[in-house]
Amino acid sequence: MELAAKLTPLCVKDNGTFVSPDSFKYCARVIHHELGNVLFHAHCLRHTHGTILAEGGVNPKTVMERLGHKDIKTTLQTYTFNTEAMQQKAVEIFEQSLQA
């Protein structure tokens, strides 16, 4: 089987056609300029994706691969954020280990 036949695009329309990065860039420009959300840009979705996965306990290497990074440092320093939920989970895990 050809490699291309094994790959399924991550982003497709309801009819199954591929959604290109340019589609997202256009939507981001609309949100940024026309809707006036000046802090929003296309990469916000990548940051959110990485952070949600990290917050859910997904292995950092898996997050790295999903975002297409070659270096874990890029993923950890740029695309994942330490959220309040992560901080709380760390406290809970530590407290549970003290009670055991």
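**Confidence**

The model is predicted. Its chain has an average pLDDT of 85, and 90% of the residues reach a score of at least 70. Among the elements of the chain, the lowest mean pLDDT, 53, belongs to helix α1 (residues 3-6), while the highest, 93, belongs to helix α6 (residues 84-99). Where pLDDT is low, predicted coordinates should not be read in detail.

**Packing of α4 and α5**

Two packed helices are described by the angle between their axes and by the distance between those axes. For helix α4 (residues 60-67) and helix α5 (residues 72-79), the angle is about 90° and the axes are 9 Å apart. Angles of 65 to 115 degrees count as roughly perpendicular, and α4 and α5 are therefore roughly perpendicular to each other. On the α4 side the contact is made by P60, K61, V63, M64 and L67; on the α5 side it is made by I72, T75, L76 and Y79. By residue class, the contact of α4 with α5 consists of seven nonpolar residues, one polar and one charged.

P60, in helix α4, is one of the residues of this contact. Leaving aside neighbours within four places in sequence, P60 is in contact with I72, T75 and L76. The relative accessibility of P60 is 39%, so P60 counts as partly exposed. P60 and K73 are 13 residues apart along the chain, and their C-alpha atoms are separated by 9.9 Å.

**Cysteines**

How many disulfides does the count come to? The count is zero disulfides. A disulfide requires two cysteine sulfur atoms within 2.5 Å. For C44 the closest cysteine sulfur is that of C27, at 13 Å, which is too far for a bond. C44 is buried, because its relative accessible area of 18% falls under the 20% cut-off. C27, with a relative accessible area of 42%, is partly exposed.

H47 lies in helix α3. Is H47 buried or exposed? H47 has a relative accessible area of 16% and is buried. Not counting residues up to four places away in sequence, H47 touches H41, T78, Y79 and F81. Of these, Y79 also takes part in the contact of α4 with α5, on the α5 side.

I52 is found in helix α3 (residues 43-55) as well. I52 is exposed, with a relative accessible area of 53%, since the cut-off for exposed is over 50%. N82, placed in the loop between α5 and α6, is also exposed, at a relative accessible area of 56%. R29 is in helix α2 (residues 21-34) and is partly exposed, with a relative accessible area of 47%.

**Separations along the chain and in space**

| Pair | Separation in sequence | C-alpha distance |
|---|---|---|
| R29 and H41 | twelve residues | 7.2 Å |
| N82 and A54 | 28 residues | 8.6 Å |
| I52 and F94 | 42 residues | 22 Å |

I52 and F94, in turn, are 42 residues apart in sequence and 22 Å apart in space.

Methods. Residues numbered from 1 in each chain as written. Predicted model: local features only at pLDDT ≥ 70, side-chain atom pairs only at ≥ 80, totals over all residues. Heavy atoms only, no water. Helix = DSSP H or I, 4+ residues; strand = E, 2+ residues; numbered from the N terminus. Buried < 20%, exposed > 50% of the residue type's maximum accessible area, 1.4 Å probe, protein only. Axes fitted to C-alpha atoms, helices over the stretch in contact; angles between N-to-C directions. Parallel < 35°, antiparallel > 145°, perpendicular 65-115°, else oblique. Contact = heavy atoms within 4.5 Å. Nonpolar A, V, L, I, M, F, W, Y, C, P; charged D, E, K, R; others polar. pLDDT = per-residue confidence, 0-100.
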